[in-house]
Amino acid sequence: MRAKRKQKLFVILGLVSLAAIAVGLTLYALRSNINLFFSPVQIAAGDAPLERQIRAGGMVKAGSVDRDKQSLEVVFTVTDYVDELEVRYSGILPDLFREGQGVVVVGELQQDGWLRADQVLARHDENYMPPEVAQALEEAGYAPEDYQAKAAEVGQKMDAQAEDSGDGRTN
Amino acid sequence: MWAFIHKLGSPKWFYAISARLQPWFWVAAAVLILVGSAWGLAFAPADYQQGNSFRIIYVHVPAAFLAQSIFVSMAVAGFIFMVWKIKIADMAAAMMAPLGAAMTFVALFSGAVWGVPTWGTWWMWDARLTSMLILLFLYFGVIALRGAFSSRDSASRAASVLAMVGVINIPIIKYSVDWWYTLHQPATFSVTSRPAMPVEMWAPLLIMVLGFYCFFIALTLMRTRSEILRREASKHWVRELAGEVK
């Protein structure tokens, strides 16, 4: 490689790494502001401001959803399996809202530690599976959070059964 | 190997070789995308939670892959152009940018459409969505820079530098879902572990991704060929090709 090209190569590499360091430091300084939501642990530690609109996120605790029969009012608990946060919301919940599902709630934290939500968003996890596999898992008694660990196993078992019985499952 | 790369760097040779490669990529892209869409949209099973709306994945994920890959290709081409002064790399980079911008838009738009039934919102300023929007603006910046200079050489150098510096955004997009709390879920696919979905769901997705890549290669070859003719119009071999000189 000729000296001129070598010099150019180093100038470019230097420029790009400087820019990368600048961006990296900026993101590091902003790290808590880039997070979309506060987790219940952070709220319990007092990191979140009171009576200002914030976002909180976590899992809907199993068995915690309590719907009012007369209105759209619903109370549920959001957990990160360490701390918990009580959320009260009045309105229509997204289709994917269910117990054990991730959610992001937008609202104001009250003095006595619960959150008045204006908006509830469902989070989806990275796992996808056909309804038959999910049903087989449910019948086998697994909780939704264990589905992925077991899905491959059950899927293989179902395939093996299909092959044994010779019904030629194609999909 | 080096001889082949050197030949590829010459516009005349690139023009000849790409003529032979191009049809294969067009055919592969057409077949893969047709098979992948039919399989994904009609035959793959629905998701246990999202039902049929999950099928947007068959457009969303290939478009998002391509949006990021094209930017990296553009940065690599810009690097080759800056260091080794290979003109063909700059032509290819210039031709890739609009497709990359289009793919970024498709990924953002299909994501918004998907967000409404699953999340309950079409947009949220979370790290993944925002960094993807920045990628779209970077593409616009690269395209605009190329048009902003009267000298082509300055335009090429400015666009190459922006592409090389902008490539820093790509790892941010990729790891945004791991580094920060986001509404977008973490990646379903990784190189090191098995996909978090069964084979009857990811097989059509893989076919779609391959089809999108073939489409990108075919389109880039085709557009670079016409760019070669445009830039080299005064060269002897081009005029010979056009039948102006014998």
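What pLDDT does chain A average, and what share of the residues score at least 70? Chain A of this predicted model averages a pLDDT of 79, with 81% of the residues at 70 or above.

**View 1. Confidence along chain A runs from strand 4 down to helix 5.** Start with strand 4 of chain A, residues 84–90, where confidence in the chain is highest, at 91. Now look at helix 5 of chain A, residues 147–165: here confidence is lowest, with a mean of 58. Carry on to residues 166–171 of chain A and you'll find pLDDT staying under 50. For that stretch, the model has 5 contacts beyond four places in sequence.

**View 2. Chain B carries a domain annotation over residues 13–184.** The name comes from an unreviewed UniProt entry, which calls this span "domain: Cytochrome c assembly protein". In the model, residues 13–184 of chain B are 81% helix and 0% strand.

View 3. Then try residues 201–221 of chain B, which come out as 100% helix and 0% strand, with 31 Å between the end C-alpha atoms.

**View 4. Helix 3 and helix 4 of chain B pack against each other.** Two packed helices are described by the angle between their axes and the distance between the axes. For helix 3 and helix 4 of chain B, the angle is about 155° and the axes are 7 Å apart. Angles over 145 degrees count as roughly antiparallel, so that's how helix 3 and helix 4 of chain B run relative to each other. Their crossing is left-handed. By class, the residues in this helix 3 and helix 4 contact are 21 nonpolar, 7 polar and 1 charged.

**View 5. This is where chain B meets chain A.** Across the interface, 36 residues of chain B are in contact with 36 residues of chain A. On the chain B side, helix 3 (57–84), helix 4 (87–118), helix 6 (152–166) and helix 8 (199–231) each supply at least two residues. Helix 3 of chain B gives the most, with 4 residues. Sort the residues on this side of chain B by class and you get 25 nonpolar, 7 polar and 4 charged.

Technical notes:
Residues are numbered from 1 along each chain as its sequence is written. Chains are lettered from A and ligands numbered from 1 in the order in which they are written. This is a predicted model: local features need pLDDT of at least 70, side-chain atom pairs count only at pLDDT 80 or more; totals for chains, interfaces and linings use all residues. Two residues are in contact if their C-beta atoms, placed from the backbone, lie within 7 Å. Ala, Val, Leu, Ile, Met, Phe, Trp, Tyr, Cys and Pro count as nonpolar, Asp, Glu, Lys and Arg as charged, and the others, Gly among them, as polar. pLDDT is the predictor's confidence in each residue, from 0 to 100. UniProt positions are given in the numbering used here, feature names are shortened, and annotations may be inferred rather than shown by experiment. Axes are lines fitted to C-alpha atoms, for helices over the stretch in contact, and angles run from 0 to 180 degrees between N-to-C directions. Angles under 35 degrees count as roughly parallel, over 145 as roughly antiparallel, 65 to 115 as roughly perpendicular and the rest as oblique. A crossing is left-handed if the near helix is turned anticlockwise from the far one by less than a right angle, and right-handed if clockwise.
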